[in-house]
Amino acid sequence: GDTPHCEAPVPCVALADPGVQFDWQQCDVTLAAGDTCTVTCADGYASTQSLVDPTHSCPADNIDTTAQPTGTLPSCDQVVSCAALGDLGAPFDVSACASVAAGGQCDVSCAVGYTGAETSTYTCPSDNVDGSTEPAGSLPTCTATAGCAALSSQGDAYDVSGCSSLNAGHSCIVPCASGFTGSSTSFDCAADNVDGTVEPSV
């Protein structure tokens, strides 16, 4: 009978450059028959597919000296900044979230006229590829501030008329009433006051 024709497996050549969006350095070398390498998204790019096997392989029985490793390239899109955070309502100041890079953070705080214990952090995903995506986070707790109640009489010696209507964060002066002499006293309505029944205090 005929003598069988047998050839030893040969390596695959390096994978041709698939594009700037791919990190293919592992496959940019001669690959022995039966070996594998991986192609992933390059820095600044992210995959929009979650179940793509990044493995490329050189067949164990490869006898083609021009063959490249074979596999499926991931879908890699350029990572972009998030869109400006939209209006979340009157109590919230979102001005710090107008421009947030991928992987970056910004703070949402209480707007003027509202008070809250702390700000809330909003984050732009590090692998964001959608320019319409807004940063995500949890709203801070913000309560509307209130002006203080009119200062009640401090006695006949004091003129409290200047403290009858005081906004949160403002001060008023109580001088001596007509016929009395002495120094004036400043009364304050706290900047974070939320109770309209509270009077200004020294």
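The chain exposes about 11,800 Å², of which carbon and sulfur atoms supply 48%; accessible areas come from the Shrake-Rupley method with a 1.4 Å probe, and for residues only the protein chains shown count as cover. The model is a predicted one, in which local features need pLDDT of at least 70 and side-chain atom pairs count only at pLDDT 80 or more, while totals for chains, interfaces and linings use all residues. Residues are numbered from 1 along each chain as its sequence is written, and side-chain values use heavy atoms, with hydrogens and water left out.

Of the 202 residues, 26% count as buried, where buried means under 20% relative accessible area, exposed over 50%, and partly exposed in between (1.4 Å probe, protein chains only). The C-alpha trace spans about 135 × 25 × 20 Å along its principal axes. The radius of gyration is 35 Å, whereas a compact globule of 202 residues would have one near 17 Å; this radius is taken over C-alpha atoms, and the globule rule is 2.2 Å times the number of residues to the power 0.38.

The chain contains 13 strands and zero helices. These are DSSP runs numbered from the N terminus, helices being H or I with at least four residues and strands E with at least two. Among contacts with a separation of 6 or more, 46% come from residues 24 or more positions apart, a contact being heavy atoms within 4.5 Å.

Next come the cysteines. A disulfide is a covalent bond between the sulfur atoms of two cysteines, and here it is assigned to a pair of cysteine sulfur atoms within 2.5 Å. The structure holds eight disulfides. One of them joins C12 and C58, with the sulfur atoms 2.1 Å apart. Because C12 lies in the segment before β1 (22-23) and C58 in the loop between β5 and β6, this pair ties together parts that are 46 residues apart in sequence. The link is right-handed, with 85 degrees about the S-S bond. Both ends are shielded: C12 is buried at 1% relative accessible area, and C58 is buried at 2%.

N62 is buried, with a relative accessible area of 6%. Leaving aside neighbours within four places in sequence, N62 is in contact with A8, P9, V10, P11, C12 and A67.

A second disulfide to look at joins C27 to C37, S to S 1.9 Å. C27 sits in the loop between β1 and β2 (36-38) and C37 in strand β2, 10 residues apart. Both C27 and C37 are buried.

Another disulfide is formed by C82 and C124, whose sulfur atoms are 2.2 Å apart. C82 lies in the loop between β6 and β7 (92-93) and C124 in the loop between β10 (120-123) and β11 (143-144), so parts 42 residues apart in sequence are tied together. C82 is buried at 7% relative accessible area, and C124 counts as buried at 1%. By contrast, C6 is in no disulfide, and the nearest cysteine sulfur, that of C58, is 19 Å away. C6 counts as exposed, at 66% relative accessibility.

Finally, V112 is placed in the loop between β8 (105-110) and β9 (114-115). V112 is exposed, with a relative accessible area of 84%.
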